[in-house]
Amino acid sequence: MFLRLTHLTRFDYSQPVSFAPHALYLRPRESARQRVDQFSLAVTPTPTRLVGTTDAEDNVLDWAYFSAAPAAALEFRSEFLVETLDANPFDFILKPHASAFPFAYDATEQLTLASCLRAPAPDTAVALRRWLATQLPALPADTLALLTALNTTVRDSLAYARRDEPGIQTAAETLARGGGSCRDYAQLLIELCRLHGLAARFVSGYLHEAPDPAVPNPAPPTTHAWAEVYLPGAGWRGLDPTRAIFCDDRFIPIAHSAVPESINPIQGTFYGPGFTASQLTTHVTITNF
């Protein structure tokens with residue numbers, strides 16, 4: 001599937017300010033399951049330098065450096081065309097030892113995956129086990145069946161709520177509140193996977209969903225978050241607990257991390273007079289052809 005996406009982010013300030021360097025996770029990830037055909041990034045005011053690099057987890061990271069000249073607004077506009085190739089999310093073959101749960105990663109995998117295998121804190125683990133005991137008392141012995149069950153349980157047992165405020169709830173907070181946003185669901189699924197010895201990480205990106213003609217005034221497209229789990233023989237496979245599905249070619253991954261907060265799309269600060277107010281405006285469009 002070919003998907004064209006435009007993402008506009010604008011910050012308006014009550015008085016002119018200056019900008020520190022900004023870290024930008026806006027460029028799509030390239031892999032055997034996603035090809036980037038076009039990408040452009042426009043920043044206003046024009047940066048003195050725009051440097052493309054990668055971070056410690058091999059995500060594409062662009063740095064925007066600004067002059068000291070103050071401005072009353074800061075705008076980022078990314079536009080790209082990608083070809084997504086993961087139409088069948090189950091087009092893989094697990095290594096025989098990984099088809100039944102539990103299984104063990106080999107020594108090299110354990111070393112490489114250490115940050116994604118980090119066990120939940122003891123109090124969080126207790127809360128997760130208590131919650132699972134009521135929601136999913138019998139864990140499947142098949143690896144894919146287990147992942148499907150965990151993914152579905154998160155979706156079915158919680159109340160989804162779009163949150164515009166920054167930050168990600170901890171797994172314990174999501175359980176206590178009985179719901180959250182897509183990023184909160186993803187973090188909960190990650191902790192559930194790690195609790196059971198499965199390497200999991202956070203993914204930020206976009207999801208293309210054709211508008212339902214039966215739904216009046218559908219919500220506009222926006223950024224999305226989900227989880228990836230590492231399966232020997234299959235590699236990293238995406239799971240979306242907001243919809244209880246394995247990720248297919250409607251998903252556009254941008255960045256991944258064992259630490260979710262580290263891959264916020266736009267990260268930076270400004271300098272200005274005290275009591276400077278700011279307003280954030282975002283707009284995303286996604287079309288397929």
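Guide: Helices here are DSSP runs of H or I with at least four residues, strands are runs of E with at least two, and both are numbered from the N terminus. By that count the protein has five helices and 16 strands. This is a predicted model, where local features need pLDDT of at least 70 and side-chain atom pairs count only at pLDDT 80 or more, while totals for chains, interfaces and linings use all residues. Residues are numbered from 1 along each chain as its sequence is written, and side-chain values use heavy atoms, with hydrogens and water left out.

Visitor: How much of the protein counts as buried?

Guide: Of the 289 residues, 48% do. Buried means under 20% relative accessible area, exposed means over 50%, and partly exposed is in between (1.4 Å probe, protein chains only).

Visitor: Then why does Y185 count as buried?

Guide: Y185 has 1% relative accessibility, under the 20% cut-off, so buried it is. This residue sits in helix α5. Leaving aside neighbours within four places in sequence, Y185 is in contact (heavy atoms within 4.5 Å) with several residues, among them V154, R155, L158 and P241.

Visitor: How do you know that the span of helix α3 agrees with its 15 residues?

Guide: The expected span is 1.5 Å times one less than the number of residues. For residues 143-157 that gives 21 Å, and the end C-alpha atoms are 21 Å apart, so the two agree. The buried residues of α3 include L146, L147, L150 and V154. An α-helix has 3.6 residues a turn, so residues three or four places apart point the same way. The buried residues of α3 pack against α2 (122-135), α5 (182-195), β10 (223-231), β11 (235-240) and β12 (245-246).

Visitor: Why is D58 called exposed?

Guide: Its relative accessibility is 61%, over the 50% cut-off, so D58 counts as exposed. D58 lies in the loop between β4 and β5 (60-65). The residue has a positive phi of about 70° although it is not a glycine.

Visitor: And A244, at 17% relative accessibility: buried or exposed?

Guide: Buried, because 17% is under 20%. A244 sits in the loop between β11 and β12. Its phi is positive too, about 60°, although A244 is not a glycine. Most residues other than glycine have a negative phi, and most peptide bonds are trans.

Visitor: What kind of peptide bond joins T44 and P45?

Guide: A cis one, with omega about 0°. P45 is in the loop between β3 (34-44) and β4 (49-54).

Visitor: What makes the peptide bond from F101 to P102 worth a look?

Guide: That bond is cis, with omega near 0°. P102 belongs to the loop between β6 (71-84) and α1 (107-112).
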